[in-house]
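Please read the following briefing alongside the sequence and the 3D view, and take each topic in turn.

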Amino acid sequence: MGYPRVVSTFDDLIAANERVEPRDEMPDAYRATLVRQIAQHAHSEIIGMQPEGNWLTRAPSLRRKAILLAKVQDEAGHGLYLYAAAETLGVSRDELLDALHAGKQKYSSIFNYPTLTWADIGAIGWLVDGAAIVNQVPLCRCSYGPYARAMVRVCKEESFHQRQGFELLHTLSHGTEAQHAMAQDAVDRWWWPSLMMFGPPDDASTHTGQSMAWGIKRFSNDTLRQRFVDMTVPQAEALGLTLPDPELRWNEERSSWDFGEIDFTELFEVVKGNGPCNAQRLAHRVRAHEEGAWVREAASAYAEKRAAREVA
Ligand SMILES: [Fe+2]
Ligand SMILES: [Fe+2]
């Protein structure tokens with residue numbers, strides 16, 4: 001902010017809708033909530049590289065490969081901004097990665113589904129990155145400064161991701177009959193898991209009330225989910241694809257789309273670790289971390305050498 005602060009205690013900052021910065025005192029529970037949320041977010045960006053990375057070597061053209069490569073690299077960058085934001089709360093990136101690898105911290109369950117065809121890359125960009133945008137745009141106004149600022153840049157990149165997914169699906173949908181069918185099949189498989197990305201329904205959500213009082217969360221899960229459905233239905237029409245929900249219909253009174261009931265028992269199974277790819281994703285992550293040990297060692301040796309030279 002460009003003007004001097006007139007309030008300083010945590011409660012005053014929250015009440016005045018001012019940003020809380022790393023130098024400010026904050027309740028332990030606020031700090032712990034942010035660490036949990038930012039870590040889970042960072043892990044999701046990093047694990048989320050796997051389902052798409054699966055198609056990098058099989059992209060159908062050089063153009064598609066370049067786009068996908070850029071997208072997957074963006075996700076790595078998002079992970080790094082977020083680990084850096086978490087570090088301002090007093091936890092190190094090493095600690096967070098250890099917690100992920102030990103299964104003590106979570107990542108978004110959406111990445112525990114497999115990418116079976118090339119069209120899945122389009123469905124992920126359109127639906128998964130689309131849901132991420134709806135979730136993350138309000139986080140640009142989150143009460144914790146470093147998290148909010150990281151989100152501004154992340155959201156700009158997510159909107160590129162969403163458009164590339166839409167464009168990819170549009171091409172397939174208007175291609176051959178087989179390509180159209182492949183696009184439809186991908187949307188059929190990714191639609192419901194995308195709706196589950198917003199978390200449990202409001203009456204079953206344990207953290208929502210406190211997070212909203214602290215200005216971390218600005219809207220409830222169900223509000224954001226509805227916003228996503230309203231945004232996505234007309235886009236599906238533009239794509240020439242259908243969404244796999246027979247109960248989807250326009251509600252004149254609410255000026256919103258009604259949609260069918262979500263099978264949350266499936267979500268909870270995936271959260272518990274029983275999704276189609278949970279074990280594979282985590283094992284791959286741990287292996288990549290171990291195989292990268294020499295890079296981390298070389299980088300710290302280089303940094304030490306440089307620091308020693310500067311002292312000299
Ligand atoms: Fe991302
Ligand atoms: Fe993304």
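How many aromatic pairs does the count come to? The count comes to 8 aromatic pairs, where rings of Phe, Tyr and Trp (its six-membered ring) pair if their centres lie within 6.5 Å, and planes under 30 degrees apart count as stacked, over 60 as edge-to-face and the rest as tilted. This is a predicted model, in which local features need pLDDT of at least 70 and side-chain atom pairs count only at pLDDT 80 or more, while totals for chains, interfaces and linings use all residues. Residues are numbered from 1 along each chain as its sequence is written, and side-chain values use heavy atoms, leaving out hydrogens and water.

**Aromatic pairs**
- Phe-10 and Tyr-30 form an edge-to-face pair, with 4.7 Å centre to centre and 65° between the planes.
- This pair links distant parts of the chain, since Phe-10 lies in helix H1 (residues 10-15) and Tyr-30 in helix H2 (residues 28-47), 20 residues apart; helices are DSSP runs (H or I, at least four residues), numbered from the N terminus.
- Tyr-30 counts as buried at 0% relative accessibility, where buried means under 20% relative accessible area, exposed over 50% and partly exposed in between (1.4 Å probe, protein chains only).
- Phe-10, Tyr-30 and Trp-214 form one aromatic cluster.

**Helix H6**
- Asp-129 lies in helix H6 and, at 4% relative accessibility, counts as buried.
- Leaving aside neighbours within four places in sequence, Asp-129 is in contact (heavy atoms within 4.5 Å) with residues including Lys-71, Glu-75 and His-161.

How values were computed
Chains are lettered from A and ligands numbered from 1 in the order in which they are written. Helices (H or I, at least four residues) and strands (E, at least two) are DSSP runs, numbered from the N terminus.
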